[in-house]
Amino acid sequence: MDFDLSEEQRLLKDSVERLLADRYDFESRKRHGREPEGFSKAMWAAYAEQGLLAVPFSEEDGGIGGGPVETMIVMEAFGGALALEPYLATIVLAGGVLRHAASPEQRAAWLPGLIAGETRYALAHTERQARYDLHDVGVTARRDGDGWVLEGEKSLVLHGDSADRLIVSARTSGSRRDRDGIGLFLVEANAEGVSRRGYPTQDGMRAAEVSLSSVRVAADAVIGDPAGALPVIERVADEAIAALCAEAVGAMDRMHKLTVEYLKTRKQFGVTIGSFQVLQHRAADMFIALEQARSMAFLATMMAGEDDAEERARAIAGAKVQIGRSGRIVGQGAVQLHGGVGVTMEYSVGHYFKRVTMIDQLFGDAEHHLGRVARMGGLIAA
């Protein structure tokens with residue numbers, strides 16, 4: 001298969017990497033993380049100005065008509081820079097819901113502000129009891145005249161504390177674990193009855209616990225079928241996993257390069273430690289794991305646009321397994337070969353390892369997806 005990028009894709013890759021190289025070194029990242037929102041609003045505006053926020057949206061909706069490959073390019077660059085901005089939360093997750101489920105009128109009303117960087121969105125779907133089961137939704141939505149009333153709590157809403165609008169999944173019928181009866185609703189973050197508790201996550205990102213107490217939304221806030229949103233949620237989750245795989249590859253690639261450079265410069269017993277064969281073997285193991293992850297990230301990217309949900313899910317789950325395993329090999333190798341400095345807050349390697357560890361946990365860790373692969377392949381009972 002041809003894995004070469006087109007000229008337009010190479011231009012995108014060069015531009016985003018140049019932007020991050022110029023303005024997003026590790027010291028800058030630490031400053032951005034101390035800002036009230038946990039990221040840089042100036043960098044978010046720069047992403048909008050460069051067209052990065054428009055990447056996955058169609059030209060009819062004001063985007064540039066990119067697809068999974070373009071998203072992969074951006075996310076891999078963000079992984080290499082450890083970017084803190086809510087690209088996954090706003091563009092991939094919430095933006096994915098709007099691309100796949102919103103009506104033309106809704107997209108015309110909501111997407112311009114998102115693409116311009118003026119309005120940030122977050123997808124509020126995860127709940128405490130659900131673990132990794134996307135169909136486990138306890139938040140309820142009941143009809144109230146022409147509108148709806150939402151009640152319940154959402155957990156670990158990525159960048160939910162700084163979002164201007166929330167896309168909330170809620171159960172409109174059936175029991176908590178039914179696959180049918182789930183809807184998606186646009187909720188203003190400052191709406192009456194919405195409360196948010198934001199906090200930093202282990203990797204320096206942000207998330208929020210969101211409570212919904214008798215939150216009223218109008219009929220035009222319903223996104224798609226109010227009883228059939230699960231296929232959209234599953235598709236968006238698959239696309240997010242593909243994007244996370246690319247981000248993890250960017251982070252692992254950077255960890256490997258930092259480690260090899262350290263082996264070439266750190267001296268012990270009068271020689272560089274990279275001259276010791278056992279450490280060369282460890283660096284080679286890291287490189288093999290990185291390339292395995294890169295290959296599976298390519299597969300996830302190619303399958304992210306697949307309409308066959310089962311085929312897409314099988315490929316995405318397989319990629320997530322490899323990303324989790326490779327992330328551990330590369331991260332542990334990077335920390336151990338650096339020694340004590342590898343776990344200090346002042347040095348970047350430990351922060352990269354934290355991020356790939358969190359990526360492993362998002363939307364199901366390696367063990368969870370290994371079970372999915374086994375079930376879909378008939379190796380264990382469904």
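This is a predicted model: local features need pLDDT of at least 70, side-chain atom pairs count only at pLDDT 80 or more; totals for chains, interfaces and linings use all residues.
1. Helix α3. This helix spans residues 41–50. Its buried residues are Met43, Trp44, Ala46, Tyr47 and Ala48. These buried residues pack against five named helices: α1 (7–23), α2 (26–33), α4, α5 (87–101) and α6 (104–115).

2. The two ends of α3. Just after α3 comes Gly51, whose phi is positive, at about 90°.

3. The loop residue Asp61. Asp61 belongs to the loop that lies between α3 and α4. Is Asp61 buried or exposed? Asp61 counts as buried because its relative accessibility is 19%, and the cut-off for a buried residue is under 20%.

4. The surroundings of Asp61. The side chain of Asp61 makes a polar contact of 3.0 Å with the side chain of Arg107. When residues up to four places away in sequence are left out, Asp61 touches Arg107, Leu111 and Ile115.

5. Helices α4 and α7. Helix α4 covers residues 68–81 and helix α7 covers residues 230–265; their axes are 7 Å apart and the packing angle is about 40°. The two helices are therefore oblique to each other. Their crossing is right-handed.

6. The contact of α4 with α7. On the α4 side, the contact is made by Thr71, Met72, Met75, Glu76, Gly79 and Gly80. On the α7 side, the residues are Ala243, Ala246, Glu247, Val249, Gly250, Ala251 and Arg254. By class, six of the contact residues are nonpolar, four are polar and three are charged.

7. Helices α9 and α10. Which angle do the axes of α9 and α10 make where they cross? The axes of α9 (residues 309–338) and α10 (residues 348–361) cross at roughly 160° and come within 9 Å. Helix α9 is therefore roughly antiparallel to α10, as angles over 145 degrees are counted in that way. The crossing of α9 and α10 is left-handed.

8. The contact of α9 with α10. Helix α9 contributes Lys320, Ile323, Gly324, Gly327, Arg328, Gly331, Gln332, Ala334, Val335 and His338. Helix α10 contributes Val349, Phe353, Val356, Ile359, Asp360 and Gln361. The residues of this contact comprise seven nonpolar, six polar and three charged.

Note on methods:
Residues are numbered from 1 along each chain as its sequence is written. Side-chain values use heavy atoms; hydrogens and water are left out. Axes are lines fitted to C-alpha atoms, for helices over the stretch in contact, and angles run from 0 to 180 degrees between N-to-C directions. Helices (H or I, at least four residues) and strands (E, at least two) are DSSP runs, numbered from the N terminus. Angles under 35 degrees count as roughly parallel, over 145 as roughly antiparallel, 65 to 115 as roughly perpendicular and the rest as oblique. A crossing is left-handed if the near helix is turned anticlockwise from the far one by less than a right angle, and right-handed if clockwise. Contact means heavy atoms within 4.5 Å. Ala, Val, Leu, Ile, Met, Phe, Trp, Tyr, Cys and Pro count as nonpolar, Asp, Glu, Lys and Arg as charged, and the others, Gly among them, as polar. Buried means under 20% relative accessible area, exposed over 50%, partly exposed in between (1.4 Å probe, protein chains only). A polar contact is a pair of N or O atoms within 3.5 Å; within protein, one must be able to donate a hydrogen and the other to accept it, and residues adjacent in sequence count only if both atoms are side-chain atoms.
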